[in-house]
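Dear colleague,

I am passing on the structure below, together with notes on what was found in it. Please read the notes alongside the coordinates.

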Amino acid sequence: MTAPAIIPPRGLADRLTTLFWRHPRLLLSLLIAPPLLWLGVVYLGSLAALLLQSFYSIDEFSGLIVHEFTLKTYGELLRPSNADVILRTLGMAIAVTIASAFIAFPIAYFAARYAKGRWKAAFYLGIMLPLWSSYLVKVYAWKLILAKEGILTWATEATHTSWLLNAALSLPGVGGNSLSTSYIGTFLTFTYVWLPFMILPMQASLERVPNSMLEAAADLGATARQTFRTVVLPLAMPGIVAGSIFTFSLTLGDYIIPQIIGTSASFIGMAVYQLQGTAGNIPLAAAFAVVPIVIMLIYLSLAKRAGAFDAL
Amino acid sequence: MTSAVEFQAVSRHFGATKAVDAVDLTIAEGAFFAMLGPSGSGKTTCLRLISGFEKPTSGQIRIFGEDVSAVPPHLRHVNTVFQDYALFPHMNVRDNVAYGLMVKGMARTPRYAKAEDMLALVHLDGYGDRKPAQLSGGQRQRVALARALVNEPRVLLLDEPLGALDLKLREAMQDELKSLQKRLGITFVFVTHDQSEALSMADSLAVFNNGRIAQIGTPTDIYAHPKTRFVADFVGSSNVLPPALTQSLGGPTKWSSLRPEALHPAPFGPITGTVTALRYLGAGHRVTVTTQGQDIAAHLPSGTATPQVGSQMTLTFDPAALHVMDEA
């Protein structure tokens with residue numbers, strides 16, 4: 001006797017599998033519905049509510065929110081004191097992103113091209129380990145490192161390089177009494193805290209560049225520098241942009257680091273925190289919160305126009 | 001005439017692995033030279049030694065008489081068609097082809113004009129605006145070829161360039177590469193593991209085994225007079241006969257080789273055995289006859305009567321076809 005060509009279904013699991021096999025879209029929609037609902041309702045919904053709030057205004061005498069559509073709140077953003085906050089935050093985000101990119105690239109390049117086996121594991125551990133410890137602990141650690149009585153000052157004195165530190169601190173605008181109370185300190189801490197977010201996507205994109213591509217460039221007469229500019233950099237660009245989205249937007253939105261380290265000057269995140277908390281000015285807080293979103297959209301469209309995603 | 005490429009006792013060792021071991025090699029200018037061998041035999045490493053992506057552990061490499069041990073790849077007048085083509089995915093076909101001229105600083109107009117000439121040479125005129133991802137495998141291969149030729153190299157290296165193509169396309173490209181090489185007069189050095197490809201295309205070839213050259217010569221020479229058992233077996237899957245069998249067939253007590261197509265069925269003959277396998281090849285059959293514990297393959301052209309598996313069969317051959325090898 002030969003076995004039948006078709007095995008009869010052995011229960012609910014087989015029937016379900018059959019149903020999904022006949023209607024693949026059904027399974028897909030079942031899988032994607034919960035996250036889509038979360039994204040659509042909770043995430044985009046709250047974003048829409050935020051956007052809506054920013055078009056209301058606050059009555060200056062009563063302190064109550066006027067539920068009428070107006071652009072007045074956005075106008076307030078342009079007030080010198082508020083515009084300062086935006087420009088300061090933007091400048092910091094740009095500086096942190098550029099510094100992160102420069103520091104991250106050699107590390108990512110080494111990890112992607114040369115690290116093998118144990119070295120690769122050590123790399124991942126080295127990058128990820130700081131992310132496992134509390135963000136606040138790291139920030140306070142940096143406060144101690146950068147303080148006037150801190151390890152950095154001590155180290156410069158011991159190595160007779162205090163003049164370097166003093167020269168940095170005497171820079172107009174970014175300097176200050178000590179590193180922990182200057183913009184340089186804020187910048188260093190931001191760069192340290194966000195660096196892994198730049199390294200990881202960069203490393204992923206560099207890993208996808210096959211060795212033969214670099215050899216082909218050299219084979220055709222390109223110097224190491226030309227290979228870097230015409231092949232490595234364009235192919236790594238999607239990773240660099242992805243990393244810079246992290247460092248840029250994380251810096252734009254952070255309110256803890258500038259509070260703990262640096263001058264007492266306000267950043268966008270701090271402004272949002274104060275406006276919606278102590279000041280109760282929800283519309284202006286919302287308008288402030290829209291600024292990073294707009295900046296990111298502008299940044300991404302510029303990156304796209306510059307061809308950063310051509311290699312995707 | 002100086003030779004295009006010359007190896008003098010060149011070795012490339014990776015730790016304990018001797019990828020290339022004391023290889024002496026001379027490639028004549030204008031030759032279509034093939035390096036043939038199984039994977040891991042050192043042929044690709046030899047190619048990379050010529051292009052400069054590997055440095056010899058010992059020995060000397062000369063390209064047109066000049067010692068290149070201190071010359072990096074980008075300063076060698078040698079270009080490579082890579083096995084995976086290695087086209088730049090973010091550039092269109094024209095920029096890919098013009099890349100070698102671009103890094104030399106040639107202006108855009110003459111550079112693009114020359115790239116178009118090269119594309120015409122490989123029958124891809126009008127494809128300049130496409131991205132590599134929009135091309136078929138055969139077209140990508142041609143772009144890689146045009147890109148390597150745009151620099152007018154004195155030696156063109158091809159690393160298994162036809163490996164990824166289907167049979168029909170591979171045969172067409174074989175003819176095209178051959179005629180291109182004749183027309184340009186450039187020395188081609190070609191790495192392949194496909195013996196029929198090496199035999200049909202090359203003027204001369206080197207058979208690699210375990211990091212050494214087993215034999216070097218013209219295709220007919222290597223096919224008809226293999227020096228070692230390895231060459232006899234690898235090039236054209238010849239019957240390799242042990243000394244005892246050679247002797248019983250009327251030869252000396254040495255290893256010998258006998259081509260399957262040299263054997264014919266006959267009523268009387270020196271080889272009688274049981275048919276153990278029969279394989280249809282399109283242009284005939286390959287029959288395996290087992291005698292004295294040894295499998296002997298014979299080629300039966302179409303039209304010949306095919307025996308049954310399990311039946312007895314007698315084969316004969318021209319005594320001149322029995323090639324005795326001096327080396328084991």
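Contact here means heavy atoms within 4.5 Å, and helices (H or I, at least four residues) and strands (E, at least two) are DSSP runs numbered from the N terminus.

This is a predicted model, in which local features need pLDDT of at least 70 and side-chain atom pairs count only at pLDDT 80 or more, while totals for chains, interfaces and linings use all residues. Residues are numbered from 1 along each chain as its sequence is written, chains are lettered from A and ligands numbered from 1 in the order in which they are written, and side-chain values use heavy atoms, with hydrogens and water left out.

**The sheet and hairpins of chain B**

In chain B, 4 strands form an open antiparallel sheet in the order E2-E1-E4-E5, two strands being paired if DSSP finds at least two bridges between them. Strand E2 (17-28) and strand E5 (66-67) of chain B stand at the edges with a single partner strand each, so one side of each is left without a neighbour in the sheet. Strand E1 (residues 3-14) of chain B pairs with E2(B) in the antiparallel sense over 8 bridges, with B:Glu6 opposite B:Thr26, and the two strands form a hairpin with 2 residues between them, where B:Gly15 in the turn has a positive phi of about 60°. E1(B) is also joined to E4(B) by 5 bridges, again antiparallel, and there B:Val5 stands opposite B:Ile63.

A further hairpin is formed by E15(B) and E16(B), with 2 residues between them and B:Gln292 in the turn at a positive phi of about 50°. Strand E15 (residues 284-291) of chain B runs antiparallel to E16(B) and is joined to it by 7 bridges, B:Val287 having B:Ala298 as its bridge partner. Of the 7 residues of strand E16 (residues 294-300) of chain B, 5 are buried, so this strand is largely enclosed by the rest of the structure.

**The interface**

The contact between the chains takes 25 residues from chain B and 19 residues from chain A. The rule finds 1 salt bridge across this interface, a salt bridge being a side-chain nitrogen of Lys or Arg within 4 Å of a carboxyl oxygen of Asp or Glu. The side chains of B:Arg48 and A:Glu215 meet in a salt bridge at 2.8 Å, N to O.

With best regards

How values were computed:
Buried < 20%, exposed > 50% of the residue type's maximum accessible area, 1.4 Å probe, protein only.
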